[in-house]
Amino acid sequence: MSFWNIKIYGIVQGVGFRPFVSRLAAACRIRGNVCNKGPYVEVNAQGSPEDLAAFREGLFAKAPERASILKIDVREAAADRDFPDFAIIESAKERGDIFVSPDIATCDRCRQELFDPANRRYLHPFINCTACGPRLTILEAMPYDRERTSMKEFPMCPACHEEYVTPDDRRYDAQPVCCNDCGPEVYVLGDEAVRREAAIKATRRVIASGGIAAIKGIGGFHLCCDATNEAAVARLRTLKHRPVKPFAIMMRDLAAVKASCRLEPGQEEMLTGHQKPILLLRRKPQAIFAPSVAPGNPKVGVMLPYTPLHMLIFDYPEDDAVIPAALVMTSGNPSGAPICHNDEEAREVLAPLCDIILSHNRRIRLRADDSVMDWFEGKPYMIRRSRGFAPLPFLVSGTKKGQVLGIGGELKNTFCLASNGLFYPSPYIGDMSDLRTVLALKDSIALMESLLENAPARVACDLHPRYNTTSVAKSLGLPLLTVQHHYAHILSCLAENDVQGPVIGVSFDGTGYGTDGTIWGGEILAASYERFERLGSIESFVQAGGDRASREGWRIALALLLATHQKEKAQDLALRLQLANKQEFTAVAFMLEHHVNTVTSTSAGRLFDAVSALLGIRRVSTFEGEASMYLQFAAEAWEEQHAASARILGTVTAQEAPLPGEGRFLLPTQDLFAGLLQKRLQGEEPGALAYRFHAQLARLIARGCQKARQETGLTTVALSGGVFQNLLLLRLTKAQLEAQGFAVLLHSMIPPNDGGLCLGQAAAAIFQQEQ
């Protein structure tokens, strides 16, 4: 008889792992015990050598679907006693690397039980098992046990407790287990007497009649209405002050998705998997969505129901309300603020935006908005990483020991706690211009530090001195590392791909504070974890109007016109192209001439805005990236209709003439703009020019990287920054680079936008520690 002490590291808490170990032990004739230790699951196993070997093999081969084992350490020792059987014993606290499970969408077996009249959990809005349900958002401390979650407020009834302690039961040791007799309850906020079935039916009636409902989910509230009802969607847009930005859609089932959207290979598995993110899908001509769901957008963000309550909103037996196959399910928050997660916030913020609020009394400890992803070359391309994915860590090789915090960006904020080689990005927080988001950031950092037992010795933040994130970082009283914005983007790409570098980094986005005090945004860097050098950029321009210039692309277009034309000629062109009226032109020209309210910029994002205005596509943006996004749509629509011409414009060239000059080289984007201007004046259609802009910019980027390779000898290029959310530019740039022999690193599970900055900041903080 042999005795093994086994330590299992990874996502092994909150996924039914201890019950799995117990069942496997019984099958392999193993005696002993299993418990959570915080950083790992520990097994004491006693049995014959043959049985122990089979047991160890089964830990890897038969682990629960939601588990993710990183490593198993086995130590053979002398047993201090004979074990009579195998038991799950009380969890113990121990320091070390922590792995917290994200929230998991309702599994198929629970869904089947939900609608089974013979099942005792029939129509229970909180049905779950070891394979599904809330995890991160209800967790207060590790190890993951009921008394350290929001479920501690709901003592189990005898029937649930029997399942909880029965090894062969699917709910054996499932911490959120509950039923209609002992679990949380739903109710109508403001009319709490309307509870349970009556509350759900009341909400369904509001939606069916064209109203708007706020519904509390796993990580916060959604605002919901009939996605097929144009009047309902338009009203929600008016109330939420969101004129154009797309709404996310939740659809009843996969059949409904397939009827309205095109699916690429791999997307069905992602839609129906246990994370259930919002996936950007191409809509079919016969799609049932109202026009206002995503105006002028060829794609729509779609997800499937991922909680029992969502499923009951769509389908409730013996209820007369008719719910369509598609519902708007957008974040329950005012623009720029964090998602609401409790009744107090819902009363204050959401009540004016909706006709009914459906809440429940299971506390949300950590907000988690829905994850959003696009799809590129058969793989996910993350836009917002949150529910279902956070806080799964990224493993980065070769790191120094220590614990640090990357505070994240000012927009699309997430933060990242790092412990040695493990980097844990948080769920999505929001934009830091709103004080409520700043407070949510502070609260979330405190909770995540507690859960992960992380006490950062250093904090990294953006270089910009006036960001709210910089103020939060300084308030922590820790040694501070400021990390240049575009450098952090490239480090996030290195860390996600676990590449040591150095690399050529192409970091294209809207704005970031440069080391020279100007606004950067179209940068080519030589970058490693330890340092970076600015090798090149797009040509700088002066933007007038302060923050308004980021929303009004016509201002950038005027600046580019005035840089190359006499004032009278520039005004004539501006009026002819309807870029500005005389009063607007005069105001911008005055600011540029007298350096009033102006900044110097190399922003690639603002260049996109200027071209969008020049081509008459979007003169002004109502949300971040709108002008650039619709420029991309125009280019893609033209490419689809003129495939042969697009192939010529986008021809991949194995070698381009390298850029001339010494010192920081410049991509000639002023010439690119001037060429588009001439063709616009000659009457070439905007879609063709939009595609030409993308193709020529991709070629310029490749030329810049060729120049960088001549100077540095580096042959790997990392593409990052919000501009590379544009999959057309990403595809064209990648093709040009690969034709010139570069290896290309891309994002997949970390956003290329500012939602990924925290990972790069944390990587800099870990690697740039003093010896």
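Which side chain does that of Arg548 meet in a salt bridge? The partner is Glu552, with N and O 3.2 Å apart, where a salt bridge is a side-chain nitrogen of Lys or Arg within 4 Å of a carboxyl oxygen of Asp or Glu. Arg548 is partly exposed at 40% relative accessibility, whereas Glu552 is buried at 12%; buried means under 20% relative accessible area, exposed over 50%, and partly exposed in between, with a 1.4 Å probe and protein chains only.

This is a predicted model, in which local features need pLDDT of at least 70 and side-chain atom pairs count only at pLDDT 80 or more, while totals for chains, interfaces and linings use all residues. Residues are numbered from 1 along each chain as its sequence is written, and side-chain values use heavy atoms, leaving out hydrogens and water.

Across the whole structure, a search finds 40 salt bridges. One of them joins Arg18 to Asp145, whose closest N and O atoms are 2.9 Å apart. This pair links distant parts of the chain, 127 residues apart, with Arg18 in helix 1 (residues 17–27) and Asp145 in the loop between helix 3 (108–114) and helix 4 (158–164); helices are DSSP runs of H or I, at least four residues long, numbered from the N terminus. Arg18 is buried at 5% relative accessible area, and Asp145 is buried at 6%.

Glu711 and Lys707, by contrast, both lie in helix 21 (residues 686–712), four residues apart, about one turn of the helix. Their salt bridge has its closest N and O atoms 3.9 Å apart, with Glu711 partly exposed at 39% and Lys707 buried at 9%.

Technical notes. Helices (H or I, at least four residues) and strands (E, at least two) are DSSP runs, numbered from the N terminus.
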